[in-house]
Amino acid sequence: PLIDVDDLEEFAVRPAPQGVTVKCRITRDKKGMDRGMYPTYYLHLEREHGKKVFLLAGRKRKKSKTSNYLISIDPTDLSRGGESFIGKLRSNLMGTKFTVYDSGVNPMKTTSSLEASTLRQELAAICYETNVLGFKGPRKMSVIIPGMNMDHERVSIRPRNEHETLLARWQNKNTESVIELHNKTPVWNDDTQSYVLNFHGRVTQASVKNFQIIHDNDPDYIVMQFGRVAEDVFTMDYNYPMCALQAFSIALSSFDSKLACE
């Protein structure tokens with residue numbers, strides 16, 4: 001089935017159709033004065049015959065105490081106030097935990113009389129843990145996303161305070177209406193002397209950044225996978241119940257995470 005991306009804003013937050021893997025690629029642009037430090041990342045949908053359709057762009061903000069990426073549906077406008085601003089990814093000070101927001105209003109910056117529906121939604125949280133092997137082995141990722149209702153629509157999570165956030169729910173084991181995912185543990189391969197995952201041809205270069213995200217109940221169902229195919233090119237595939245904005249943000253966090261690679 002051809003995936004319809006006429007309305008980018010709507011597409012970016014729409015879960016992948018059930019039974020369809022949405023295949024994308026991310027290109028990292030380091031050209032230009034400060035791009036070495038603040039590259040721009042572009043997400044494209046892959047179509048047949050090598051065609052590509054632009055979906056999202058992301059870039060780290062410069063004057064931010066923590067890692068803070070703006071995500072836009074316009075590759076030329078990556079500003080906070082722009083019409084095309086669709087979401088952001090923000091890390092804690094350590095760079096080990098990230099939260100993905102849509103473009104709604106921050107509850108801390110608003111008066112209480114605001115309509116609940118204009119408050120920002122949390123679309124994902126990502127936690128990186130150092131592994132027992134120190135920095136050299138595969139890292140551990142936990143991904144927490146809102147659950148789905150009976151109509152296969154995403155449950156809306158709009159925290160008004162710290163206790164209602166995805167991270168807080170996960171840390172307090174209050175996992176009702178959220179889905180907890182993990183990266184699939186790679187298997188040691190004696191031939192290559194490295195940890196490997198089977199990407200079925202979608203990933204061609206070994207990298208500590210390559211990962212697959214699964215649910216513990218069904219380790220063969222890959223909710224998302226990400227991996228390197230060239231110096232600045234990565235494939236990113238996702239499945240139901242994930243959407244493009246969630247998957248792209250998880251990929252961005254993996255570029256950033258201080259713990260994530262040696």
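## Exercises on a predicted chain

Val105 counts as partly exposed, because its relative accessible area is 33% (buried means under 20%, exposed over 50%, and partly exposed in between, with a 1.4 Å probe and protein chains only). The model is predicted, so to speak of a local feature takes a pLDDT of at least 70 and to count a side-chain atom pair takes 80 or more, while totals for chains, interfaces and linings use all residues. Residues are numbered from 1 along each chain as its sequence is written, and side-chain values use heavy atoms, with hydrogens and water left out.

**Exercise 1. Work out where Val105 sits and how far Arg120 is from Val105 in sequence and in space.**

Step 1: Look between strand 6 and strand 7, and you'll find Val105 in the loop there. Helices (H or I, at least four residues) and strands (E, at least two) are DSSP runs, numbered from the N terminus.

Step 2: Follow Arg120 to a ring. Arg120 lies over the face of Tyr101, 3.7 Å from the ring centre (a charge sits over a ring if NZ of Lys or CZ of Arg is within 6 Å of the ring centre and within 35 degrees of the ring normal).

**Exercise 2. Find the strands that pair with strand 7, and decide whether strand 7 is enclosed.**

Step 1: Lys97 stands opposite Cys127 of strand 7.

Step 2: Now try strand 8, residues 140-146, which also pairs with strand 7 in the antiparallel sense, over 5 bridges. Here Glu129 faces Lys140 of strand 8.

Step 3: In strand 7, 7 of the 8 residues are buried, so the strand is largely enclosed by the rest of the structure.

**Exercise 3. Classify the ring pair of Phe98 and Tyr128, and say which strands hold the two residues.**

Step 1: A pair of aromatic rings is described by the distance of the centres and the angle of the planes.

Step 2: The structure holds 6 aromatic pairs. For Phe98 and Tyr128, the ring centres are 6.0 Å apart and the planes stand at 85°, so this pair is edge-to-face. Phe98 belongs to strand 6 (residues 97-102) and Tyr128 to strand 7 (residues 122-129), so the pair ties together parts 30 residues apart in sequence. As for the cut-offs, rings of Phe, Tyr and Trp (its six-membered ring) pair if their centres lie within 6.5 Å; planes under 30 degrees apart are stacked, over 60 edge-to-face, and the rest tilted.

Step 3: Look at the accessibility. Phe98 is buried at 0%, and Tyr128 is buried at 4%.

Step 4: Ring pairs link Tyr41, Phe211, Phe226, Phe234 and Phe255.

**Exercise 4. Describe the surroundings of His182: its strand, its burial and its partners.**

Step 1: His182 lies in strand 9, which covers residues 178-183. It is buried, with a relative accessible area of 18%.

Step 2: Search for polar side-chain partners. The side chain of Glu180 makes a polar contact of 2.9 Å with that of His182, and the side chain of Ser142 makes one of 3.3 Å. (A polar contact is a pair of N or O atoms within 3.5 Å; within protein, one must be able to donate a hydrogen and the other to accept it, and residues adjacent in sequence count only if both atoms are side-chain atoms.)

Step 3: Leave out residues up to four places away in sequence, and His182 touches Met141, Ser142, Gln212, Ile213, Ile214 and Asp216 (contact means heavy atoms within 4.5 Å).

**Exercise 5. Trace the hairpins that involve strand 13.**

Step 1: Strand 12 (residues 211-215) pairs antiparallel with strand 13 (residues 218-230) over 5 bridges. The two form a hairpin with 2 residues between them, and Gln212 stands opposite Gln225.

Step 2: Going on from strand 13, you reach strand 14 (residues 233-238), again an antiparallel pairing, over 6 bridges. This hairpin also has 2 residues between its strands, and Phe226 stands opposite Met236.

Conventions
Two strands pair if DSSP finds at least two bridges between them.
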